[in-house]
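Morning, everyone. Here is the model for today's talk, so please have a look before I start.

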Amino acid sequence: MSYQLYRNTTLGNTLQESIDEMIQYGQITPALGMKILLQFDKSVNNSLATRVKSKITFKAGKMDTYRFCDNVWTFMLSDVEFKETQEMAKVEKLKIVACDGKSKNF
C-alpha cells in the first residue's frame, strides 16, 4: 500500500469529489472508487520518486518540533530559507512530512 499524503492536494481532493459524485449517481461502485484512489496513490508516489529531478536546499532558523512515528518523520520548522541555484525564497513556518521512499510501499 502506498502513502496517501497526496490525497489532500488540489488534484487529490478533486479526484475524491469526482469519485464521490460518480458513486452517488450510480456510475461506479464504492469498490471501484477505492481502487481508483489506491491507483492514484501509487501513481503519484511512483512519479515523484522517478521523474522529479530538481533539488532544493533549505536552512531553518529553528526546529520547533520533530516526531518519528510509524516510519514517518514530521518536522515543524520556523524561519526557513529555500535555495535553488540562483533563486531564494523564505517562509515563516514549514511542516515537513517525510516517508521512506525505498520501502516496499512503492
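**Salt bridges, strands and rings**

Let's start with D64. It is partly exposed, because its relative accessible area is 33%, and exposed would mean over 50%. Keep in mind that this is a predicted model.

So what does the side chain of D64 meet in a salt bridge? The partner is K93, at 3.9 Å from N to O. K93 lies in strand β3, residues 87-99, and D64 lies in strand β1, so the pair ties together parts that are 29 residues apart in sequence. K93 counts as exposed, because its relative accessible area is 58%. There is a third member here. K62, D64 and K93 are linked in a network of salt bridges.

Side chains of opposite charge can pair when their charged atoms come close.

How many salt bridges does a search of the whole structure find? Five. One of them joins the side chains of D41 and R7, at 2.5 Å from N to O. D41 sits in helix α2, residues 30-51, while R7 sits in the segment before α1, residues 10-24, so this pair ties together parts 34 residues apart in sequence. Are these two residues buried or exposed? Both D41 and R7 are buried.

Another salt bridge is formed by K90 and E81. Their closest N and O atoms are 3.8 Å apart. K90 counts as exposed, because its relative accessibility is 60%. E81 has 22%, so E81 counts as partly exposed. Buried would mean under 20%.

Now the strands. Strand β2, residues 72-84, runs antiparallel to β3. How many bridges join the two? Twelve. For a landmark, find F82, which stands opposite A89 in β3. Then go to the hairpin of β2 and β3. Two residues lie between the strands there. At this hairpin, T85 takes a positive phi near 45°.

On to the aromatic rings. A pair of aromatic rings is described by the distance of the centres and the angle of the planes. The count here comes to four aromatic pairs. One of them is F58 with F82. The centres are 6.0 Å apart, with 45° between the planes, and the pair is tilted. F58 is in strand β1 and F82 is in strand β2, so to speak distant parts of the chain, 24 residues apart, are linked by this pair. F58 is partly exposed, because its relative accessible area is 45%. F82 is at 23%, so F82 counts as partly exposed too.

Y66 and W73 form another tilted pair, at 6.5 Å centre to centre and 35° between the planes. Y66 is exposed, because its relative accessible area is 56%. W73 has 35%, which means that W73 counts as partly exposed. Ring pairs link Y66, F68, W73 and F75 into a cluster.

Last stop, the surface. Which residues make the nonpolar patch? They are M63, Y66, F68 and W73, and the patch covers about 460 Å². Which strand gives the most to the patch? Strand β1, residues 57-69, with three residues. M63 has its place in that strand, β1. M63 is partly exposed, because its relative accessible area is 44%. That figure is above the patch rule, which asks for over 30%.

Terms used
Residues numbered from 1 in each chain as written. Predicted model: local features only at pLDDT ≥ 70, side-chain atom pairs only at ≥ 80, totals over all residues. Heavy atoms only, no water. Patch = residues over 30% accessible without salt bridge, like charges linked within 9 Å, V, L, I, M, F, W, Y side chains within 5 Å. Areas by Shrake-Rupley, 256 points an atom, 1.4 Å probe, with all protein chains shown as cover. Salt bridge = Lys/Arg side-chain N within 4 Å of Asp/Glu carboxyl O. Helix = DSSP H or I, 4+ residues; strand = E, 2+ residues; numbered from the N terminus. Buried < 20%, exposed > 50% of the residue type's maximum accessible area, 1.4 Å probe, protein only. Pairing = 2+ DSSP bridges. Phe/Tyr/Trp six-rings, centres within 6.5 Å; stacked < 30°, edge-to-face > 60°.
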